[in-house]
Number of protein chains: 2
Amino acid sequence: MRFVIIGGSDAGISAALRAHELDSAVHITVLLADSFPNYSICGLPFYLSGETPDWRKLAHRTEFEGIEILAEHSAQSFDPSGKTVSAIDAAGHEKAIRYDQLLIATGARPVIPPISGIDLPGVFPLHTMADSFRVNDYLAQREPRSAVIVGAGYIGLEMADAFTHRGSAVTLIEQSSTVLPTVDPRFGRMVEETLRSHGVRVESATEVHKIVQNGDRLQVFGARGLEVSAELVLVAVGVAPNTAVATSASLQTGIKGALCVNRRMETSIPGVFAAGDCVETWHRLLSGYTYLPLGTTSHKQGRVAGENAVGGSREFEGSLGTQVVKVFELAFARTGLREAEARKAGFQPFTSESTHFDHKAYYPGAQELCISITGDTVTGSLLGAQALGHWQAGVAKRIDVFATALFHDMKVEALNDLDLSYTPPLGSPWDPVQMAAQAWNQRRQQGCVAG
Amino acid sequence: MRFVIIGGSDAGISAALRAHELDSAVHITVLLADSFPNYSICGLPFYLSGETPDWRKLAHRTEFEGIEILAEHSAQSFDPSGKTVSAIDAAGHEKAIRYDQLLIATGARPVIPPISGIDLPGVFPLHTMADSFRVNDYLAQREPRSAVIVGAGYIGLEMADAFTHRGSAVTLIEQSSTVLPTVDPRFGRMVEETLRSHGVRVESATEVHKIVQNGDRLQVFGARGLEVSAELVLVAVGVAPNTAVATSASLQTGIKGALCVNRRMETSIPGVFAAGDCVETWHRLLSGYTYLPLGTTSHKQGRVAGENAVGGSREFEGSLGTQVVKVFELAFARTGLREAEARKAGFQPFTSESTHFDHKAYYPGAQELCISITGDTVTGSLLGAQALGHWQAGVAKRIDVFATALFHDMKVEALNDLDLSYTPPLGSPWDPVQMAAQAWNQRRQQGCVAG
């Protein structure tokens, strides 16, 4: 049996490893568009900051025993009736590769906004290893003292940190009203404060109009008279599914052009799976599909697809949209639905924000955590949580406790029943997760009495 | 309605707060044997180490609005027919206090082993604020350069750290084969290595026979010819339920003499609740009772009792035995059953131990985590987990993810479905929790093939 995988990043390699683990007799071939199988794209900001000087360390793994990796093989199309994939190799030769089971794991591509000057030298997207080499070469040659970042999502924020770390003055421009547009604005403003305290100029609610070359500098013009001069412009305004190969065989697409799959990660064509940043993602709380391109999700979907491709019967259990980002000394993490998302989905949400020390204040080094809980006022169910605090104060792992609770559709009040660990240097007898749950309950009751 | 609570530590205050929150019309009285309501007994090692110089900071809270606290009121007995508690106040006067609902939250007392010389000056237990003042005075006056600790459980280990921090040479003596007798011996040995690397002399598998005064020093004699001289001996060999008041009214006792309660925290006498270190604890995985005195459990049981005392209907959802301890730079945490406990309880356990970086190794500061998972080979269910690593590497909170999973009776393999957070400085696309679950599955299958 031949299992062919188009794409050698998170979803593709995860599928290959799982298929090989379950049935080592299957012949597994991964077609890789570049030469970097299973690289950590999430690590690019740390390569560019200089914290990870050797890009080779970004490989999640370098051993692929039992898996054939065809590097520099760019898949062009596939033919479901003949069960072949057509690819062009490094030498420019076209090859037909036969498959019994096929996985499309072609990932995403950066969205390039239609701004005049976006293609000028010194303006870069950041999505692939090749992108990062280009930026790194430019940094090494030019040693820019100033950079503009367009887009203040996760990558934009990490790159603001990275360029600052490398000694550039950074201006961060975001179209939405605050940075991190996918979090509650209050948290976004707290992240902005941290960015500013590290010298980053933050221009929220500002659309970029054009980029103009001015000698060896770039002038960025935006709304409300914004004009910034910089030596480098990084564009990080999001990604879109990369589906050219898939649509060659008329595979169905949905939200934002992502491929439609069922929870077994099957497309509309039998024997053809799809997973990762190129597909619609099942959302566990919404019981419906969304587009949520994340490495964690890609790994899980790939593993499910790999299992099913070799005869398994596994369903993807769904995303909760769990994410964390570190910006300077701060970590922000979230899981589940924000209030507005919950309301839109038909819940009757109530959100409470409370602040707790990460561990007993009497033990040195206690840090404040700001935790927001959204729950449903009708059922009492937990719907989502967000947390912000010092990056070493357990922000991410506490969100993981919330995520595990959400996975099991827990009530907010039931969080108090969880037997969580405690020692004064690391927590409280009621963990901040539970203190935040108690605050939610108290405020909801006060709100009901008041209202 | 009068709700009287005997004991003002974790369970008692937690009950009082919950009762007041739910019904502010109830008259709540807490009888406190000393003057330190709701103090963090778990913080005593940090007070004695000097890391928390002001003992007043050990108070979990200092405001008890709407709750009457009677300090220096030592409850002697209670009369279920007359519904009164008899107590002696600071002036030595006996008082009768009427109740409608009663909570016994008298906690535990340290076990004093029957060793000759255990009552010599310079030999101390450590359980109450008064104990800690005595030790602290002795430390201040004598500035001992050497200390022996008898017992290497959680308190013993924390005190080994504390005395070392304060400049004493420490000998730690433990009767069991390794320190931390409630964890897997392999982990116990790793903790021993850390203790020794900090200069602590560890004598495991060694019973203490006698303590003898020798001038201004104490000689500790033990098995296999052990003889250690020190200026201070701390005895921390565990605690036993403190039930004198309760047994005055013939309340039923069970395991280790702890009070029998149902999951509503009711004793055999209507209107009389009991909670905390003086009661048997419902174990969620064993579906039975055990004696597991822990502050986290006391808080939860107290809250359930407080809710039910004012007319609620809440059940204690059970302990998983979740615990964490920090010793020098190391944290060790556990939840659920160890292999031997699981086997004894009728499961067919398999345990796999694996080592993973706490975050992507390419980002600076990655630390190794050693994670052990015990699961049932018949059902695939998670039964327990243990983890050891640098105390700031997310050991405790990852055990909390396991604890939340255990609470919901998850399969080991299903841990891979959890949508946990990821950023390279704080985790991996598969969190170590999930990599350990994958290792458990692979090794179990290899074991089955091999076996």
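Biologist: Which residue with a positive phi follows α9(A)?

Modeller: A word on the source comes first: this is a predicted model, in which local features need pLDDT of at least 70 and side-chain atom pairs count only at pLDDT 80 or more, while totals for chains, interfaces and linings use all residues. Residues are numbered from 1 along each chain as its sequence is written, and chains are lettered from A and ligands numbered from 1 in the order in which they are written. Helices (H or I, at least four residues) and strands (E, at least two) are DSSP runs, numbered from the N terminus. After α9(A), a positive phi near 55 degrees is found at D409(A).

Biologist: How far apart are the end C-alpha atoms of helix α9 of chain A?

Modeller: The expected span of a helix is 1.5 Å times one less than its number of residues. Helix α9 of chain A has 13 residues, 395-407, and should therefore span 18 Å. The distance between its end C-alpha atoms agrees with this: 18 Å.

Biologist: How many residues of α9(A) are buried?

Modeller: A residue is buried if 20 or more other C-beta atoms, placed from the backbone, lie within 10 Å of its own, exposed if 12 or fewer do, and partly exposed in between. By this count α9(A) is mostly covered, and its buried residues number 13 of 13.

Biologist: How are α9(A) and α9(B) oriented to each other?

Modeller: Axes are lines fitted to C-alpha atoms, for helices over the stretch in contact, and angles run from 0 to 180 degrees between N-to-C directions. The two axes come within 9 Å and cross at roughly 5 degrees. Angles under 35 degrees count as roughly parallel, over 145 as roughly antiparallel, 65 to 115 as roughly perpendicular and the rest as oblique. The orientation of α9(A) and α9(B) is therefore roughly parallel.

Biologist: How many charged residues has the contact of α9(A) with α9(B)?

Modeller: Residues are in contact if their C-beta atoms, placed from the backbone, lie within 7 Å; among those taking part are K397(A), R398(A) and D400(A), together with K397(B), R398(B) and D400(B). Asp, Glu, Lys and Arg count as charged, Ala, Val, Leu, Ile, Met, Phe, Trp, Tyr, Cys and Pro as nonpolar, and the others, Gly among them, as polar. Beside four nonpolar and two polar residues, the charged ones in this contact number six.

Biologist: Which element supplies the largest share of the side of chain A that touches chain B?

Modeller: In all, 57 residues of chain A are in contact with 58 of chain B. On the side of chain A, α1 (10-22), α7 (295-309), β21, β22 and α9 each supply at least two residues. The largest share, 10 residues, comes from α9(A).

Biologist: Is L180(A) buried or exposed?

Modeller: L180(A) lies in the loop between β11 (169-173) and α5 (185-197) of chain A, and its phi is positive, near 50 degrees. Because L180(A) has 25 C-beta neighbours inside 10 Å, it counts as buried.

Biologist: Which residue of β14(B) is the bridge partner of K210(B)?

Modeller: Two strands pair if DSSP finds at least two bridges between them. Strands β13 (208-214) and β14 (217-222) of chain B pair in the antiparallel sense over six bridges. For K210(B), the bridge partner in β14(B) is F221(B).

Terms used:
Contact = placed C-beta atoms within 7 Å.
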